[in-house]
Amino acid sequence: MRGLGVAVASGREKAYAYLKETVLTDPEMQGAFLSEQELADRIGVSRTPIREALLMLAAEDLVELVPKRGARVAALTGREIRELMELRGIVERYAAQQLVAGGRSPMEELRSLLERQRELTGAAQAREFIAVDHRFHSAMVSAVGNALLDRHYDGLRSRQVRAGVVAVFSQQGRQEDVLEEHGAILDALAAGDAQSACAAIDHHLESTLKVLLAG
């Protein structure tokens with residue numbers, strides 16, 4: 001029985017990760033109903049781990065469980081988008097201030113991630129572009145060295161990636177704008193200018209918010 005429990009847990013975790021990282025970040029899946037059997041076949045697990053993963057995602061308000069219909073990907077509302085950007089701003093500005101004050105900005109990692117993003121232009125690479133986008137921002141937060149803050153910020157990942165992918169698909173040239181905005185954040189941190197770094201972060205998040213609300 002113990003071995004079966006481990007197998008079920010492993011299947012649930014596999015399904016949870018796939019749904020959160022692949023399905024929920026697909027702009028075409030926003031508001032769509034999910035087929036448990038199709039997902040089970042695609043992932044290679046039974047329907048039980050799929051149901052368990054969907055319950056976990058429903059607890060995070062990432063999917064909606066509709067009676068007699070099944071699970072539906074919860075579309076990001078205007079309120080959620082505003083709250084996401086507001087919360088990101090609070091965390092990222094704090095991170096920038098702490099990094100400048102402590103003189104420990106992860107410049108090499110940030111430059112490397114920005115260069116990687118520059119290699120990922122075009123709609124076909126939008127998801128990977130945004131995945132690296134999250135790593136860019138996450139690197140700033142992680143460098144503060146506050147484990148609780150790090151875990152809190154990582155909890156925003158699914159919504160952050162989904163919003164970023166939608167923004168890139170919603171406005172032509174958004175990827176180029178993101179590169180420029182990231183460059184401004186990087187330059188301010190390199191100069192040890194916390195005020196300019198915070199202003200660059202605000203501009204980046206406000207620009208993303210406008211694209212998402214306009215779309």
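This is a predicted model: local features need pLDDT of at least 70, side-chain atom pairs count only at pLDDT 80 or more; totals for chains, interfaces and linings use all residues.

Me: What makes Ser158 count as buried?

Reply: Buried means under 20% relative accessible area, and since Ser158 has 4% relative accessibility, it is therefore classed as buried. Ser158 lies in helix H8 and, leaving aside residues up to four places away in sequence, touches Lys20, Leu24, Thr25 and Leu62.

Me: Why is H8 called mostly covered?

Reply: Of the 14 residues in H8, 10 are buried, among them Arg159, Gln160, Val161 and Arg162, as well as Ser158. Helix H8, residues 157-170, reaches 20 Å from its first C-alpha to its last, which is close to the 20 Å expected at 1.5 Å a residue.

Me: How do you know that H5 and H9 are roughly antiparallel to each other?

Reply: The axes of helix H5 (residues 107-118) and helix H9 (residues 174-190) cross at roughly 165°, and angles over 145 degrees count as roughly antiparallel, so the two helices H5 and H9 are given that description. Their axes come within 11 Å, and the crossing of H5 and H9 is left-handed.

Me: Which residues in H5 and H9 meet, and how many of them are nonpolar, polar or charged?

Reply: Met107, Leu110, Arg111, Leu114, Gln117 and Arg118 in H5 meet Val178, Leu179, His182, Gly183, Leu186, Leu189 and Ala190 in H9. By class, this contact of H5 with H9 comprises 8 nonpolar, 3 polar and 2 charged residues, with Gly counted among the polar ones.

Note on methods: Residues are numbered from 1 along each chain as its sequence is written. Side-chain values use heavy atoms; hydrogens and water are left out. Helices (H or I, at least four residues) and strands (E, at least two) are DSSP runs, numbered from the N terminus. The expected span of a helix is 1.5 Å times one less than its number of residues. Buried means under 20% relative accessible area, exposed over 50%, partly exposed in between (1.4 Å probe, protein chains only). Axes are lines fitted to C-alpha atoms, for helices over the stretch in contact, and angles run from 0 to 180 degrees between N-to-C directions. Angles under 35 degrees count as roughly parallel, over 145 as roughly antiparallel, 65 to 115 as roughly perpendicular and the rest as oblique. A crossing is left-handed if the near helix is turned anticlockwise from the far one by less than a right angle, and right-handed if clockwise. Contact means heavy atoms within 4.5 Å.
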